[in-house]
Each structure stands twice: as structure tokens, then as C-alpha cells.
Amino acid sequence: MKKTKHMPICLFSEQVELNGTLKAKGNVHLSGEFQGIIETDGSVHIGEKTVAKADIKAESVSVRGKVEGMIEAKKAITIQESGSFTGTTKAETLLVDKTAYFSGKSILLSEEEDKGEPTT
């Protein structure tokens with residue numbers, strides 16, 4: 001069996017409600033309710049029925065549900081057709097579907113680097 005760098009390791013169904021800090025190595029898939037902090041070296045996928053008040057740090061993030069907070073991704077953040085985001089994003093790329101909802105501030109990492117600002 002060939003190992004991949006980021007295998008899905010955290011799955012939360014619609015019936016799960018979680019509060020706290022989630023640190024993972026690999027991909028995280030949320031379909032329930034979450035409040036807190038998510039940190040992973042993989043991707044975070046927010047399901048269509050997910051409601052999250054969270055600060056998220058990951059390689060990439062896709063949102064199909066509702067998220068309020070801060071998302072920081074090394075690569076891309078995607079707010080998909082059913083997604084809703086309110087807060088601040090920080091990534092190399094931000095993609096917002098024309099039917100998605102986005103309200104907040106977007107910081108592109110390349111812009112920050114051009115100004116010589118730290119990318120914490």
C-alpha cells in the first residue's frame with residue numbers, strides 16, 4: 001500500500017458537536033458543529049451542514065458550510081457554492097464562488113511578502 005502525505009484522519013459527522021482545540025497531522029473533514037481552533041499540516045474541509053466559529057490553520061481550506069473566524073492557509077482557501085464565511089482570511093489564493101457568501105478581510109500572502117511584513 002502506497003502511503004500518501006495527507007490521509008484523512010479526522011472525520012466528524014453532523015451529529016457531533018465539538019468545542020476546543022483540534023491539532024492533527026493530515027486532513028480534517030467536518031460535518032458537525034465546531035467551536036475553537038483547528039491546526040493541521042493537511043487540508044481542512046468544512047461540510048455543507050457544518051457551523052463553525054473557529055480559527056483555522058492548514059495547508060488548504062475548503063468551505064461548503066458556515067464559518068466565522070480566521071482562516072490561514074499556506075496554499076488556497078476556497079469558499080464553495082453553498083459556503084458562507086465571515087472574518088479574516090490569509091493565504092496565497094482565495095477563491096470565492098459567485099453564489100458563496102464572503103464578508104471580511106482577505107490578506108494575500110504574496111502581498112504581505114512584497115511589503116516585507118512577517119507572515120506569521
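Biologist: How do β10 and β12 pair, and over how many bridges?
Modeller: In this predicted model, β10 and β12 run parallel to each other and share eight bridges. One of the bridge pairs is Thr86 with Ser103, the latter in β12.

Biologist: And what holds paired strands together in general?
Modeller: Strands of a sheet pair through backbone hydrogen bonds, and the pairing can be parallel or antiparallel.

Biologist: What sheet has β10 and β12 in its order?
Modeller: An open sheet of six parallel-paired strands, in the order β2-β4-β6-β8-β10-β12. Its edge strands are β2 (17-24) and β12, and each of those pairs on one side only. From one strand to the next, the twist averages 5 degrees.

Biologist: Is Phe85 buried or exposed? What about Phe102?
Modeller: Phe85 is buried, at 0% relative accessible area. Phe102 is partly exposed, at 25%.

Biologist: New topic: where is Thr40, and why does it count as buried?
Modeller: Thr40 belongs to strand β4 (residues 33-40). Thr40 counts as buried because its relative accessibility is 11%, and the cut-off for buried is under 20%.

Biologist: What does the side chain of Thr40 reach?
Modeller: The backbone oxygen of Gly26, at 2.4 Å. Leaving out residues up to four places away in sequence, Thr40 also touches others, including Val28, Lys57 and Glu59.

Note on methods: Residues are numbered from 1 along each chain as its sequence is written. This is a predicted model: local features need pLDDT of at least 70, side-chain atom pairs count only at pLDDT 80 or more; totals for chains, interfaces and linings use all residues. Side-chain values use heavy atoms; hydrogens and water are left out. Helices (H or I, at least four residues) and strands (E, at least two) are DSSP runs, numbered from the N terminus. Buried means under 20% relative accessible area, exposed over 50%, partly exposed in between (1.4 Å probe, protein chains only). A polar contact is a pair of N or O atoms within 3.5 Å; within protein, one must be able to donate a hydrogen and the other to accept it, and residues adjacent in sequence count only if both atoms are side-chain atoms. Contact means heavy atoms within 4.5 Å. Two strands pair if DSSP finds at least two bridges between them. Axes are lines fitted to C-alpha atoms, for helices over the stretch in contact, and angles run from 0 to 180 degrees between N-to-C directions.
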